[in-house]
Amino acid sequence: MSHNNNSYTRLALQKFKTNFWGVLSFWFIILVSVISLTVYFYIPDYSANANSGDLALHSKSPGFTVDYIQLQDNYKRSFQEYWTGRKEPLKHIPIGEYKVDSDTLYYKPYSAQPELEDFKSIPLNHFSNPTLSEIIKSKTYWLGTDNQGRDYLSRLLIGSRVSLSIGFVAVLISLVIGISLGSIAGYYGGKVDALILWLINVFWSIPTLLLVIAITLALGKGFWQVFIAVGMTMWVEVARVVRGQVISIKEQQYITAARALGYNDYRIISKHILPNCMAPVIVISAANFASAILMESGLSFLGLGTQVPTPSWGAMIKENYNYILLGKPYLALLPGLAMFLLVISFMLIGNALRDALDVKQ
């Protein structure tokens, strides 16, 4: 039986490889995953959540460059900060112009109206390395800044972490609950099946968004609360499909033979039934991944999702949708486009998996 499973998996994999959009979506998801995992290695603002901003620099256009004084010079990042970002942003002062007189640096803070600013001073011996190239540095905001003066590119890339992690955790929760309850209901039948089916129908009848909002309000607003809330609403479909598959598979001859050999129920379900009903579950999981990303973005847009200052694509759209009318539509459109590409990739990979795992074909 294992040989048949292996050959079936190999055939499915070969079929998947011939699906251009499926393979392209797969590599796009891998690329986004790698970017989100290693994002703090290369983003311009590596403070936690890219939350280092200056109101003087708010709403600047893409490609905007500014000089700044780095107050904590010669700073070296720790290993952990490459993965989670620096908790406290490095202190820096954006400047419009500067001059050095003997051992003092005179500068004007950056302003839209520099003529109104006075020169301020800072002694050069304040720095461990008093060379001007180490003190004054230049920074380019490739996608400009948001309304808080934060680097937009950094926040956009960190937002991919939220979307991928919400999808992964929500799907994991839905699989654990859905497969467990579905297999128990399908295998044992009777009153156990009736009870679980009643539970499924109760959850199925409540509008998903309403249930998510209720769970979010009960658990409180936050990162992990959204994960749990979205995951708790997605197990129903998995449970229904697994239950139906188990009911049909448990009547097969090899299951009867397994019972005759004295195998316990856990071994029969986990080793002989579930491996043979995973194909539709994989397809549902891909669709659920996309649904979880959209749901989290919707909740963040409503203010019930991930909270400030964590950058979420839904929250970024909410913060910047006014700019669609104020002449900078990219601030709202870029996170929307990123979300669209990620969601459609999961939908396309789900369709490709459905075709590849179709036994009838």
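# Notebook: pocket, core and a few residues

I began with the residue classes in the lining of the largest pocket: 23 nonpolar, 4 polar and 2 charged. The classes I used are Ala, Val, Leu, Ile, Met, Phe, Trp, Tyr, Cys and Pro as nonpolar, Asp, Glu, Lys and Arg as charged, and the others, Gly among them, as polar.

I note that this is a predicted model, where local features need pLDDT of at least 70, side-chain atom pairs count only at pLDDT 80 or more, and totals for chains, interfaces and linings use all residues. Residues are numbered from 1 along each chain as its sequence is written, and side-chain values use heavy atoms, with hydrogens and water left out.

**Entry 1, the pocket.** I looked up the volume of the largest pocket and found about 650 Å³. A pocket here is an open set of points on a 1 Å grid over the protein atoms alone where a 1.4 Å probe fits, with protein on both sides within 12 Å along at least five of seven lines; lining residues have an atom within 4 Å of a point. The volume is the space filled by probe spheres set on the points, which are joined across faces, edges and corners. I counted 29 lining residues, with Ile-29, Ser-33, Phe-168, Phe-289 and Phe-346 nearest the centre. Two or more lining residues come from each of α1 (2-17), α2 (20-37), α5 (152-188), α8 (223-249), α11 (278-302) and α13 (330-356). The most come from α2, with 8 residues. Helices (H or I, at least four residues) and strands (E, at least two) are DSSP runs, numbered from the N terminus.

Which residues touch the most other members of the largest nonpolar core? Of its 24 residues, they are Leu-164, Phe-289, Ile-293, Trp-313, Leu-342, Phe-346 and Ile-349. The elements giving two or more residues to this core are α2, α5, α11, α12 (313-320) and α13, and α13 gives the most, with 10 residues. Such a core joins buried Ala, Val, Leu, Ile, Met, Phe, Trp, Tyr and Cys residues through side-chain atoms within 4.5 Å. Buried means under 20% relative accessible area, exposed over 50%, and partly exposed in between (1.4 Å probe, protein chains only). I then followed Ile-293, which touches Ser-163, Ile-166, Met-339, Leu-342, Val-343 and Phe-346, leaving out residues up to four places away in sequence. Contact means heavy atoms within 4.5 Å.

I checked the helix length: the 25 residues of α11 should span 36 Å at 1.5 Å a residue, and the end C-alpha atoms are 35 Å apart, which agrees. The expected span is 1.5 Å times one less than the number of residues. Val-281 is in α11 and counts as buried because its relative accessibility is 2%. Beyond four places in sequence, Val-281 contacts Leu-175, Ile-179, Val-238 and Val-242. Val-242 is 39 residues from Val-281 in sequence, yet their C-alpha atoms are 7.3 Å apart. Just after α11, I found Gly-303 with a positive phi of about 90 degrees.

In the loop between α2 and β1 (64-70) I found Asn-49, a residue with a positive phi of about 65 degrees although it is not a glycine.
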